[in-house]
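Here's a quick briefing to read with the model open beside you. Take the topics in order and click along as you go.

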Amino acid sequence: LPAPGGDEVGQLAQAFRAPRETGGVPRVALHQEISQGETAFPGLVARLAEARPDAVYFGGIFREAGLLLRQMRQAGLQAAFLGGDAILDPEFGSRAGDAALSQGYLTGPPDPRRLAAAAPLVERFRARGEDLDWRALYTFDAVGAYLWALRAASPPSADREGLDTLL
C-alpha cells in the first residue's frame with residue numbers, strides 16, 4: 001500500500017488500510033510511504049514483487065502514481081492498481097504510458113461537466129478557449145454553498161468583524 005504520508009491524500013491510504021486490520025478481509029501485504037517528488041521506485045517495486053499482492057492501493061497523486069505503475073509493469077508486476085481521484089489527471093496517463101491501460105481501478109466522483117445543468121458554464125469557458133477542470137465545478141459549488149450559508153446566517157455586518165462572529 002504505497003502512499004505519501006502526512007497529508008490528506010496519504011490519509012486516504014490509511015482509511016483503505018484500517019478495515020483490513022480489523023479482520024475478515026484480505027491481509028495487507030505491504031505498507032510503504034513515499035514522498036511527493038520521487039521518480040524512481042526500485043526498492044518499493046522489489047518489495048511489491050516479493051509480496052506478490054493481488055492489488056496495490058495508491059493513496060497519492062497522479063505524478064508518482066503514473067511513474068510507480070509504469071515501473072511495476074516494467075518489472076512484470078500485474079497486480080491491479082487502485083487509487084482515488086487525486087490520480088484522475090491526464091498526466092497520470094502520460095507518466096504511466098501503456099501501463100495506464102492495464103488493470104487500473106481509479107475512483108472518484110462523477111465528472112460534473114457531463115451534467116446538463118453544468119452545460120452553460122462549461123460552454124462559457126470553452127468559448128473563451130479554456131478547459132474547465134472537473135474539480136473546478138465542485139469547488140464552484142462549495143464556494144456557492146459557503147456564500148449561501150453566510151447570507152442565510154445574516155451577519156451583523158459585511159465587514160470582517162461581522163463575518164468573524166459567524167465563524
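**Strands, a buried leucine and some charge pairs**

Val-56 has Phe-81 as its bridge partner in S4. Keep in mind that this is a predicted model, where local features need pLDDT of at least 70, side-chain atom pairs count only at pLDDT 80 or more, and totals for chains, interfaces and linings use all residues. Residues are numbered from 1 along each chain as its sequence is written, and side-chain values use heavy atoms, with hydrogens and water left out.

**The parallel pair**

- Strand S3 (residues 55-58) and strand S4 (residues 80-83) run parallel, joined by four bridges; two strands pair if DSSP finds at least two bridges between them.
- Helices (H or I, at least four residues) and strands (E, at least two) are DSSP runs, numbered from the N terminus.

**Around Leu-48**

- Look in helix H2 (residues 42-51) for Leu-48.
- Leu-48 counts as buried because its relative accessible area is 2% (buried is under 20%, exposed over 50%, partly exposed in between, using a 1.4 Å probe and protein chains only).
- Setting aside neighbours within four places in sequence, Leu-48 is in contact with Leu-30, Pro-53, Val-56, Met-72 and Leu-77 (contact means heavy atoms within 4.5 Å).
- Gln-32 is 16 residues from Leu-48 in sequence, and their C-alpha atoms are 9.7 Å apart.

**Salt bridges**

- Side chains of opposite charge can pair when their charged atoms come close.
- The whole structure has five salt bridges, each being a side-chain nitrogen of Lys or Arg within 4 Å of a carboxyl oxygen of Asp or Glu.
- One of them joins Arg-113 to Asp-111, at 2.7 Å from N to O. Arg-113 is partly exposed at 25% relative accessible area, and Asp-111 is partly exposed too, at 21%.
- Arg-113 also meets Asp-131 in a salt bridge, at 4.0 Å from N to O. That pair links distant parts of the chain, 18 residues apart: Asp-131 is in the loop between helix H5 (119-127) and helix H6 (134-153), while Arg-113 is in the loop between strand S5 (104-106) and H5.
- With 63% relative accessible area, Asp-131 is exposed.
- Glu-130 and Arg-128 form another salt bridge, with the closest N and O atoms 3.8 Å apart. Glu-130 is partly exposed at 38%, whereas Arg-128 is exposed at 54%.
- Through shared partners, salt bridges tie Asp-111, Arg-113 and Asp-131 into one network.
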